Amino acid sequence: MKEYFGGCHCGEIKYKFVASKSVEIWKCNCSICTIQDYEHLFIRHNDFKVIKGTKFITKYCFGTKTAEHLFCKNCGIKSFYQPRSHLDSYSVNLRCVEEPPEIKNVVYFDGKNK
Ligand SMILES: [Zn+2]
């Protein structure tokens, strides 16, 4: 396990989390993940911490409103959020992580139909 850091584009929001050096990510075909080409890395809430910029975090909800699509008020980037598929975890966008872990395998999730 290793500590990683990530955040939004403008740098107002920063977080850290612990993950394996080789991880599984999910790609989802739902409307919002497709438009962003989001790379999901699920991190349990206990292994994740926002270290800067809580006040810049805002959210967007749609559909069943179970997922909380969190994004930066300043730059608009969704660097992590609360997914409906894993309610005990956050989904970190691997593209927003500095020196990210390597991708072991990719799971294709049919979020459009689930
Ligand atoms: Zn930002």
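Q: Which residues have the most contacts inside the largest nonpolar core?
A: This is a predicted model, and in it those residues are Phe17, Ile43, Phe80 and Val92. The core they belong to has 23 residues.

Q: And which elements give two or more residues to this core?
A: They are β2 (14–19), β3 (22–28), β4, β7 (69–72), β8 (80–81) and β9 (89–93).

Q: Take Phe80. What is it in contact with, leaving aside neighbours within four places in sequence?
A: Phe80 is in contact with Tyr15, Leu70, Tyr90, Ser91, Val92 and Asn93. One of these, Val92, is also among the residues with the most contacts inside the core.

Q: Stepping back, how many helices and strands are there in the chain?
A: The protein chain has one helix and eleven strands. In sequence order the pattern is β-β-β-α-β-β-β-β-β-β-β-β.

Q: What about overall size, what does the chain span along its principal axes?
A: The C-alpha trace spans about 35 × 30 × 25 Å. The radius of gyration is 13 Å, which agrees with the value near 13 Å for a compact globule of 114 residues.

Q: How much of it counts as buried?
A: Of the 114 residues, 28% count as buried.

Q: And what share of the contacts between residues at least 6 apart joins residues at least 24 apart?
A: That share is 60%.

Q: Sheets next. What is the strand order in the open sheet of four strands?
A: The order is β5-β2-β1-β10, and the pairing is antiparallel. β5 (48–52) and β10 stand at the edges with a single partner strand each, so one side of each has no neighbour in the sheet.

Q: What holds strands together in a sheet, in general?
A: Strands of a sheet pair through backbone hydrogen bonds, and the pairing is either parallel or antiparallel.

Q: Back to this one: how many bridges join β1 to β10?
A: Two bridges join them, and the strands run antiparallel. β1 covers residues 2–7, and Phe5 stands opposite Glu98 in β10.

Q: How do β3 and β11 run, parallel or antiparallel?
A: β3 and β11 run parallel, and seven bridges join them. Trp26 has Val107 in β11 as its bridge partner.

Q: Is β11 largely buried or in the open?
A: β11 lies largely in the open, because zero of its eight residues are buried.

Q: Where does Asp37 lie?
A: Asp37 is in the loop between α1 (31–36) and β4 (40–44). Asp37 counts as exposed because it has 9 other C-beta atoms within 10 Å, and the cut-off for exposed is 12 or fewer.

Q: And Glu99, where is that found?
A: Glu99 sits in the loop between β10 (97–98) and β11 (102–109). Glu99 is exposed as well, with 8 C-beta neighbours inside 10 Å.

Q: Last one, Arg84. Where does it lie?
A: Arg84 is in the loop between β8 and β9. With 15 other C-beta atoms within 10 Å, Arg84 is partly exposed.

Q: What does Arg84 touch, not counting residues up to four places away?
A: Arg84 touches Thr64, Thr66 and Ala67. As for Lys65, it is 19 residues from Arg84 in sequence and 8.7 Å away in space, C-alpha to C-alpha.

Notes:
Residues numbered from 1 in each chain as written. Predicted model: local features only at pLDDT ≥ 70, side-chain atom pairs only at ≥ 80, totals over all residues. Buried ≥ 20, exposed ≤ 12 C-beta atoms within 10 Å, placed from the backbone. Rg over C-alpha atoms; globule rule 2.2 N^0.38 Å. Contact = placed C-beta atoms within 7 Å. Core = buried A, V, L, I, M, F, W, Y, C linked by C-beta atoms within 7 Å. Pairing = 2+ DSSP bridges.
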